[in-house]
Amino acid sequence: MHLSRRALLTATAAAGLATAPAAPTPAPVPAAATGDRPRTGFDRLRSAGYSLLHGHRVGIVTNPTGVTTDVRHIVDVMHADARVNLVAVFGPEHGFRGTAQAGGSEGRYDDPATGLPVYDTYLKSGQPLADVFTASGVDTVVFDIQDVGARFYTYIWTLYDCMEAARLAGKRFVVLDRPNPVTGRAALGPVLHKEFASFVGRQPIAQAHGMTVAELARLFNKEFLTKPVALETVLMSGWKRSDFYDASGLPWVPPSPNMPTADTALVYSGTCLFEGTNLSEGRGTTRPFELLGAEGLDGRWAGAVGGLGLPGVHFREAYFAPTFSKFEGTTIGGVQIHVNDRAAFDPVRTGIALLVTAKKVWSGFAWRSDHWIDKLTGSTGVRTMIDAGATTDEVVASWRDELAAFRRTRKEHLLYG
């Protein structure tokens with residue numbers, strides 16, 4: 001049986017499932033209206049009997065974060081349910097089951113737990129990715145991956161690439177929403193300049209976008225895709241823009257090997273910038289992106305950045321020996337970031353302040369030779385200003401106008417209060 005789009009939406013409304021078609025924007029479902037703790041898009045899809053998927057051959061783009069509140073993987077749950085015709089899984093960077101490190105994936109294989117074919121999407125886009133969707137035989141592509149709120153976290157660009165590929169392949173696209181773990185209060189930081197587009201930033205959005213994946217999908221569909229895909233989004237209930245992840249009551253599953261906790265996500269949109277330098281960003285430690293350092297650094301750095309009086313954060317002099325990545329097996333000095341007021345903390349300003357002060361106190365400071373920092377920040381601006389001796393405030397002020405323009409565009413696509 002194949003239902004029309006109109007019939008599907010009618011059946012969904014009758015079943016009480018809140019979805020957001022491409023237009024118009026639906027009213028959000030506030031926590032006060034439901035009386036429940038937050039429920040993910042998948043939870044709501046399942047509670048409505050998967051009516052949105054009836055009559056369709058379904059493939060899902062997901063990874064280890066696609067879990068229920070009792071930490072069962074949604075692929076296992078859907079595969080066992082006769083109401084869903086799940087025929088394929090699509091794995092992003094790190095893979096569907098999450099076995100690959102940064103810059104890797106799991107390739108094409110059959111999932112031992114379900115027997116489903118798993119296709120690799122990593123570094124595929126456009127027609128080659130559309131061909132993968134076509135070969136899989138799916139009618140509808142579903143996306144359910146936990147994001148962390150930063151432009152350079154690649155899963156949101158997997159979302160973008162999959163939306164474009166689904167459009168090319170003539171597939172319907174459904175996004176199941178999950179919380180932005182660092183809230184959806186505000187967009188922060190520089191906006192990508194298109195000439196610096198890469199897999200850590202395909203389109204001009206802010207460094208900390210302050211959106212959920214469903215909101216991003218709607219923004220991508222209207223503002224950036226060549227032509228819109230047949231998009232539907234299943235919203236959360238009970239989530240507020242001011243909520244940090246622990247308010248959700250949902251289990252935290254590391255979205256990638258170096259994102260172990262929601263605290264990591266809190267600092268990541270600022271301290272990931274150290275990937276563009278010769279300092280360690282804490283990979284190979286138990287606190288990646290919270291520990292930063294290099295051989296030859298000492299307590300002067302913590303003193304310098306601590307003396308700026310940045311809101312919501314303290315800096316502790318720290319020494320550590322990464323077990324892999326930069327400075328593997330070498331004891332190095334630096335700082336540990338301790339966020340003491342999440343509401344006041346600005347991760348992007350803090351990241352810039354750490355770069356400015358590291359360059360001042362350590363003569364060995366250097367950018368990566370490939371200027372990766374420009375890909376992360378979205379232009380040459382941050383690098384050249386810091387090299388010229390700009391202060392933190394001067395660097396942050398430099399993106400004020402472009403950020404204001406993005407915030408106006410972003411506002412049109414927000415779905416929650």
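Please keep in mind that the model is predicted.

I'll start with the open spaces. The largest pocket has a volume of about 440 Å³. Its lining is made up of 26 residues, and those closest to the centre are Glu93, Ala102, Tyr268, Glu275 and Arg283. If you sort that lining by class, you get 13 nonpolar residues, seven polar and six charged.

Next, the second largest pocket. Here the space comes to about 240 Å³. Its lining has 21 residues. Nearest the centre are Val182, Thr183, Arg185, Leu188 and Pro347. Which element gives the most to the lining of this second largest pocket? That is helix H8, residues 262–271, with three residues. By class, the second largest pocket is lined by 13 nonpolar, six polar and two charged residues.

How many cavities of 30 Å³ or more does a search of the whole structure find? The search finds two.

The largest cavity holds about 50 Å³ of space. Its lining consists of Thr65, Val67, Gln146, Arg178, Tyr245, Pro251, Trp252 and Val253. Five of these lining residues are nonpolar, two are polar and one is charged.

The second largest cavity has a volume of about 40 Å³. Around it you will find Thr121, Tyr122, Leu123, Lys124, Leu129, Thr158, Asp161, Cys162 and Phe199. Helix H6, residues 155–169, gives the most to this lining, with three residues.

Last, a helix. Helix H7 covers residues 213–224, and ten of its twelve residues are buried, so H7 is largely enclosed by the rest of the structure. Buried here means under 20% relative accessible area. Which residues of H7 are buried? Going along the helix, they are Val213, Ala214, Glu215, Leu216, Ala217, Arg218, Leu219, Phe220, Asn221 and Phe224. If you have the structure open, note that Glu215, Arg218 and Asn221 are among the buried residues of H7.

Terms used: Residues numbered from 1 in each chain as written. Predicted model: local features only at pLDDT ≥ 70, side-chain atom pairs only at ≥ 80, totals over all residues. Heavy atoms only, no water. 1 Å grid on protein atoms, 1.4 Å probe; cavity = no way out; pocket = protein on both sides within 12 Å on 5 of 7 lines; lining within 4 Å. Points joined across faces, edges and corners; volume = space filled by probe spheres on them. Nonpolar A, V, L, I, M, F, W, Y, C, P; charged D, E, K, R; others polar. Helix = DSSP H or I, 4+ residues; strand = E, 2+ residues; numbered from the N terminus. Buried < 20%, exposed > 50% of the residue type's maximum accessible area, 1.4 Å probe, protein only.
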